[in-house]
Amino acid sequence: MEYPEKLTQIVSLFESLPAPEKRESLISYATAAAKNAPREGESFDLEDVRKDEECTDTVGVFLKISSTRACEFRVTLGPQVQTLTKAMTSILCKGLAGCTPEEVLEIPADFVPKIVGADLVRQRSQTVYYILTRMKGITKVWLNRQRAARH
Amino acid sequence: MIDKNYAQPDALVTTQWVSEHLSDSGVRLVESNEDYLLYDTGHIQGAVHIDWRADLQDQTIRDYVSPKQFAELCERHGISNETTVVFYGDKSNWWACYALWTFRLFGHEKVKIMDGGRDKWVGENRHLTRAVPHFVKGRYTPAAERRDVEIRAFYDQALAHSRAGHALIDVRSPGEFRGEITHMPEYPQEGVLRGGHVPGAASVPWKMAVKEDGTFKSAAELHAIYEEEAGLMRGQDVIAYCRIGERSSHTWFVLTYLLGYKNVRNYDGSWTEWGNRVGAPIERG
């Protein structure tokens, strides 16, 4: 399956980078993670703030869906969240912006090793997939509520 | 140096001591973390990064690198046999203690821990840099062999220890010890088939050795925890274990350097070996 266009661009960039630059790009994304927090006055269709066993600190995922069914994610991260999780937050907020809920749910997770490298996936598997799982989770809740409201 | 009546007070240094030795050519700072990319986001000036898995462990077999590979690692980081290596890291110095224990495994003598680790340094708003230092290659003569016999325990030795009723310390969380979970709180299940603990082991979670800020408790407090409560005695042959040997390295450091125990071994196979081993005896509850 193809990835959404913005995510495809990010994946292509990472695939073209040698290991040191890939690492540097991950750090840049991680450093920018705080910019993905909700902005002053923003409202959301769903909010899900919780501390899971799989993550070292609290993560809040906020979902806004436009009238054209375009998703926008915002994410808050507790201070103990690991660097890779921070990087994946920035990558996914950017890469999934504008997708429909259905597209978000259908995204295969196989892009993750293309971004972070197979070694890191093997070593830190819980970290690299966590944010994607949370984003899919909140999107599925939104879709289920929409379906329930129609019946 | 820190004086809390420790057996070897010079094994611990303060953040202030580190800040005063940033340009000391005889001292090398080593950052070792659980968070693989944390060093790259910023580290203490002059600190090198040593990763427990990529640098210290063999990449195929579950074991450590050879003495020759260890010597090459040290030389790459400008570390010679006489260099004083000061370790620090995240998670209250779990991986820093693991790296220190591994350095001792290869016979490196001059090792220290920065009390409180990376969080304390950051909490004091001390400077971090992203500049990766480059040092003149060190001259490191590899040890003839690792000191496995002295400070490392293997499954058979831990089993014999258990059967003989000798001192075994399980430093995992109470839930792991009781067999209710097979992983640390906040961590995923990582492939252990059985939960519980080694028969006869005493539960002394690693965290009991540190204060809220991640610094070690005083010798008197540690004495109360390990000796009065857990029943350890100086002179005993003690084996500590956890899940993969990192938290038990922390306790190994406490018992060896802060309380002065002479015969402490870290069972680095720990629960990921014991809990998967066919026929290994297990206690629960």
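Below is a short chat about the predicted model shown above.

User: Before we start, how are things numbered, and what does this predicted model need for local features?
Analyst: Residues are numbered from 1 along each chain as its sequence is written, while chains are lettered from A and ligands numbered from 1 in the order in which they are written. This is a predicted model, where local features need pLDDT of at least 70, side-chain atom pairs count only at pLDDT 80 or more, and totals for chains, interfaces and linings use all residues.

User: Thanks! What pLDDT does chain B average?
Analyst: Chain B averages 94, and 96% of its residues score at least 70. pLDDT is the predictor's confidence in each residue, from 0 to 100.

User: And what ipTM and pTM does the complex get?
Analyst: The predictor gives an ipTM of 0.78 and a pTM of 0.89.

User: Okay, domains. How is chain B divided?
Analyst: Chain B has domain 1 (9–145) and domain 2 (152–274), with bounds from an automatic or database domain assignment. Their centres, taken over C-alpha atoms, are 23 Å apart.

User: How many residues does each domain of chain B put into the contact?
Analyst: Domain 1 of chain B gives 17 residues and domain 2 of chain B gives 15. Two residues are in contact if their C-beta atoms, placed from the backbone, lie within 7 Å.

User: Which element gives the largest share on the domain 1 side?
Analyst: That is α4(B), with 7 residues. Helices (H or I, at least four residues) and strands (E, at least two) are DSSP runs, numbered from the N terminus. This side of domain 1 of chain B divides into 10 nonpolar, 4 polar and 3 charged residues. Here Ala, Val, Leu, Ile, Met, Phe, Trp, Tyr, Cys and Pro count as nonpolar, Asp, Glu, Lys and Arg as charged, and the others, Gly among them, as polar.

User: Switching to sheets: what is the strand order in the open sheet of chain B?
Analyst: The order is β7-β6-β8-β9, 4 strands with parallel pairing. Strands pair if DSSP finds at least two bridges between them.

User: Which strands are at the edges?
Analyst: In chain B they are β7 (202–203) and β9 (263–267), each pairing on one side only.

User: How many bridges join β8(B) and β9(B)?
Analyst: These strands pair over 5 bridges in the parallel sense. I239(B) has R265(B) of β9(B) as its bridge partner.

User: Last one, on chain A: at what angle do α1 and α3 pack?
Analyst: Helices α1 (residues 5–16) and α3 (residues 83–95) of chain A pack at about 135°, with their axes 7 Å apart. Axes are lines fitted to C-alpha atoms, for helices over the stretch in contact, and angles run from 0 to 180 degrees between N-to-C directions.
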